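This report goes through a protein model by its helix packing, its backbone geometry and its pockets. Please keep the structure open while reading.

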Amino acid sequence: MIKIPNISDAEWEVMKICWLSAPCSANEIVKALEQSTHWKPNTIKTLIGRLVKKEVLGFKEEGRSYSYYPLITEEECIKAESKSFLTRVFGGALKPMLVTFLKDEKLSPAEIEELKQLLEKRED
């Protein structure tokens, strides 16, 4: 399994843009994030640089600009982040986490049915 580096909340925002519309230039990432955040272009470019250094984003030089693309999938990052959260907060125990979320969150009948089906599949 690939070792996924820790990604900050701000870096997640950059990755969301890249997962959605890769390959994309730094200017395209800046334009997308300026609409949803108050970050300056240099801040966004710093985040891009960190993700390249962490080997989460790759790039291809195209003339005088760079085209960025994810080196890992969103699903891989979500799995790694979920495992990290489970370990940090619940000591790696899944049941207490599920109980906490199920007690605190309101679920629709469709969501409850989907959870039941997932649990039944696990029994097989």
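The sections below treat helix packing, then the backbone, then the pockets.

## Basis of the model

The model is predicted.

Two packed helices are described by the angle between their axes and the distance between the axes. Helix α1 covers residues 9–21 and helix α2 covers residues 26–36. Their axes come within 10 Å and cross at roughly 120°. Angles of 65 to 115 degrees count as roughly perpendicular and those over 145 as roughly antiparallel, so α1 and α2 are oblique to each other. Their crossing is right-handed.

How do α2 and α3 pack? The angle between α2 and α3 is about 120°, and their axes are 10 Å apart. α2 is therefore oblique to α3. The crossing of α2 and α3 is right-handed.

## Backbone geometry

Most residues other than glycine have a negative phi, and most peptide bonds are trans. Against that background, a few positions deserve a look.

The peptide bond from Ala 22 to Pro 23 is cis, and its omega is near -5°. Pro 23 belongs to the loop between α1 and β1, a strand formed by residues 24–25. Glu 55 sits in the loop that runs between α3 (41–53) and β2 (57–62). Gly 91, which comes just after α4, also takes a positive phi, of about 60°.

## Length of α4

Does the span of α4 agree or disagree with its residue count? α4 has 17 residues, which at 1.5 Å a residue should span 24 Å. The C-alpha atoms at its ends are 23 Å apart, so the two values agree.

## The largest pocket

Rolling a probe the size of a water molecule over the atoms shows where empty space is left. The largest pocket holds about 470 Å³ of space. Two elements give two or more residues to its lining: α5 (94–104) and α6 (109–123). Of the elements, α6 gives the most, with seven residues.

The lining of the largest pocket includes Leu 94, Leu 98, Phe 101 and Leu 102, as well as Leu 107. Also among the lining residues are Glu 111, Glu 114, Lys 121 and Arg 122. By class, the lining has eight nonpolar and four charged residues, and no polar ones.

## The second largest pocket

About 350 Å³ of space lies in the second largest pocket. Of the 10 residues that line this pocket, the closest to its centre are Ile 78, Lys 79, Ser 82, Lys 83 and Leu 86.

Which elements supply at least two residues each to the lining of the second largest pocket? They are α4 (74–90) and α5. The most comes from α4, with six residues. The lining of the second largest pocket is made up of seven nonpolar residues, one polar residue and two charged residues.

Technical notes:
Residues numbered from 1 in each chain as written. Predicted model: local features only at pLDDT ≥ 70, side-chain atom pairs only at ≥ 80, totals over all residues. Heavy atoms only, no water. 1 Å grid on protein atoms, 1.4 Å probe; cavity = no way out; pocket = protein on both sides within 12 Å on 5 of 7 lines; lining within 4 Å. Points joined across faces, edges and corners; volume = space filled by probe spheres on them. Helix = DSSP H or I, 4+ residues; strand = E, 2+ residues; numbered from the N terminus. Nonpolar A, V, L, I, M, F, W, Y, C, P; charged D, E, K, R; others polar. Expected span 1.5 Å × (residues − 1). Axes fitted to C-alpha atoms, helices over the stretch in contact; angles between N-to-C directions. Parallel < 35°, antiparallel > 145°, perpendicular 65-115°, else oblique. Left-handed = near helix turned anticlockwise from the far one by under 90°.
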